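Q: I have this one open on my screen and would like to talk it through with you. Can we start with the overall picture and then go into the details?

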Amino acid sequence: MADKNFTTDEAFMREALELAERGRGRVEPNPAVGAVIVKDGRVVGQGFHERYGAEHAEVNAIRDAGGSCAGCALYVTLEPCCTQGKQPPCVAAVLSAGISRVVVGCIDQNPKHAGEGIRQLRDNGVQVDIGVCEDECLIAHAPFFKWIGTQLPFVTAKWAMSADGRTATGTGDSHWISGEASRRRVHELRGRVDGVVIGVGTAIADDPTLTCRDAEVRRVAARIIVDSEARLRPESKLARTAKEIPVIVMTTTAAPEKNVKALSRAGCRIIQCGTGGSVDLKQMVRKLGEDGFCNLLVEGGATLLGGMFDDRLVDRAMVFVAPIILGGETSPGGISGMGAPVVSEGMRLLKPRIERIEDDVLLTGEVVYPRMRRGR
């Protein structure tokens with residue numbers, strides 16, 4: 001435990017948020033929660049939820065503080081739980097430790113807890129303050145909130161583009177638009193999600209493995225190919241490694257039986273979503289949620305990303321912008337699909353975050369869809 005001093009509730013909560021990220025990719029479907037315990041303006045204990053089924057952040061922070069926390073303040077990114085699950089309720093641990101004040105980043109949207117943990121703490125004389133760094137905490141816990149409320153996975157769309165919005169040249173070359181540091185970030189993302197999704201066109205053109213390299217692997221993501229006619233080649237890198245790392249081919253009734261059988265023999269799992277010429281993306285996301293997928297990273301190409309946005313399936317966008325200009329009338333952009341007919345009906349990014357990654361810029365935001373889309 002590091003001896004750290006801060007001066008504001010916001011600073012202590014941001015320390016808890018940083019701790020929470022250390023559990024992401026290991027705790028799902030539970031939320032990644034961080035907690036710090038403070039006495040006389042000094043951090044005396046810190047903890048995070050380290051893996052699914054293990055002790056929660058509050059318990060780890062209490063243990064780190066030495067167990068006795070009489071008169072201390074607890075800063076936690078999510079309302080403490082109050083029901084028995086794989087672990088005892090955290091509210092009981094907080095009360096037993098003698099903590100006198102609890103600062104909560106955001107209220108738990110799990111119906112079992114929502115506000116009940118806070119009520120129990122207050123009923124037992126604990127001062128509870130809510131909403132410190134609330135926006136940051138809501139963003140941090142958005143995947144859990146979506147899953148617990150809908151049983152659907154949280155969908156992040158990612159693409160890299162030039163400063164003029166191109167994802168490749170007119171000849172189709174796209175290696176490499178983003179820099180090495182940005183590519184490392186993508187590998188880190190892959191190591192924290194349940195599934196990485198691409199379209200079959202991208203799979204055929206790039207022959208990727210979609211594995212997590214050059215980064216700490218926290219979970220092994222399934223490789224998911226949107227492929228209405230099962231065109232993925234059995235000799236592709238994806239199919240050849242399907243028996244070691246899962247490959248799921250999302251297809252339709254239009255897929256030739258011989259293609260399906262060849263991919264099945266290679267070890268790919270085939271899931272049918274739709275009877276027409278294209279995969280029903282809404283059905284795909286629903287089936288993946290039913291199968292236990294909590295979060296998905298959609299990497300393209302433009303047709304798939306456009307369809308995901310058209311169907312309002314994307315929750316968060318991550319756009320890597322490189323300091324390069326490609327130009328060209330035929331150079332593709334990152335998103336196709338139907339798109340917005342007028343600017344006022346475009347999708348917006350809520351509370352966008354901008355981060356410098358060496359020479360690149362990463363723009364991240366939660367996707368907000370317009371109330372009405374013409375021509376739908």
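Q: How much of the protein counts as buried?
A: In this model, which is predicted, 49% of the 376 residues count as buried.

Q: And what are the overall dimensions along the principal axes?
A: The C-alpha trace spans about 65 × 45 × 40 Å along those axes.

Q: What does the secondary structure come to?
A: The protein has twelve helices and 14 strands. Its radius of gyration is 23 Å, close to the 21 Å that the globule rule gives for 376 residues, so the protein is as compact as a globular protein of that length.

Q: What share of the contacts with a separation of 6 or more comes from residues 24 or more positions apart?
A: Such pairs account for 72% of those contacts.

Q: OK, on to the sheet: how many strands, and in what order?
A: Nine strands make up an open sheet with mixed pairing, and the order across it is S10-S9-S8-S7-S11-S6-S12-S14-S13. Strand S10 (269-272) and strand S13 (348-357) stand at the edges, and because each has a single partner strand, one side of each is left without a neighbour in the sheet. From one strand to the next, the twist averages 20 degrees.

Q: How does S13 run relative to S14, parallel or antiparallel?
A: The two run antiparallel, with eight bridges joining S13 to strand S14, residues 360-368. Within S14, Leu363 is the residue that stands opposite Ile354.

Q: Switching to helices, which residues of H7 are buried, and what do they pack against?
A: In helix H7 (residues 180-190) the buried residues are Ala181, Ser182, Val186, His187, Leu189 and Arg190. They pack against several strands, including S6 (154-162), S7 (195-199) and S11 (295-300), as well as S13 and S14.

Q: Last one: how do H11 and H12 cross?
A: The axes of helix H11 (residues 281-290) and helix H12 (residues 302-310) come within 9 Å and cross at roughly 80 degrees, which makes H11 roughly perpendicular to H12.

Q: Which residues make that contact?
A: Leu281, Met284 and Val285 of H11 meet Leu304, Gly307 and Met308 of H12. By class, the contact has five nonpolar residues, one polar and no charged ones.

How values were computed:
Residues are numbered from 1 along each chain as its sequence is written. This is a predicted model: local features need pLDDT of at least 70, side-chain atom pairs count only at pLDDT 80 or more; totals for chains, interfaces and linings use all residues. Side-chain values use heavy atoms; hydrogens and water are left out. Two strands pair if DSSP finds at least two bridges between them. Helices (H or I, at least four residues) and strands (E, at least two) are DSSP runs, numbered from the N terminus. Axes are lines fitted to C-alpha atoms, for helices over the stretch in contact, and angles run from 0 to 180 degrees between N-to-C directions. Buried means under 20% relative accessible area, exposed over 50%, partly exposed in between (1.4 Å probe, protein chains only). Contact means heavy atoms within 4.5 Å. Angles under 35 degrees count as roughly parallel, over 145 as roughly antiparallel, 65 to 115 as roughly perpendicular and the rest as oblique. Ala, Val, Leu, Ile, Met, Phe, Trp, Tyr, Cys and Pro count as nonpolar, Asp, Glu, Lys and Arg as charged, and the others, Gly among them, as polar. The radius of gyration is taken over C-alpha atoms; the globule rule is 2.2 Å times the number of residues to the power 0.38.
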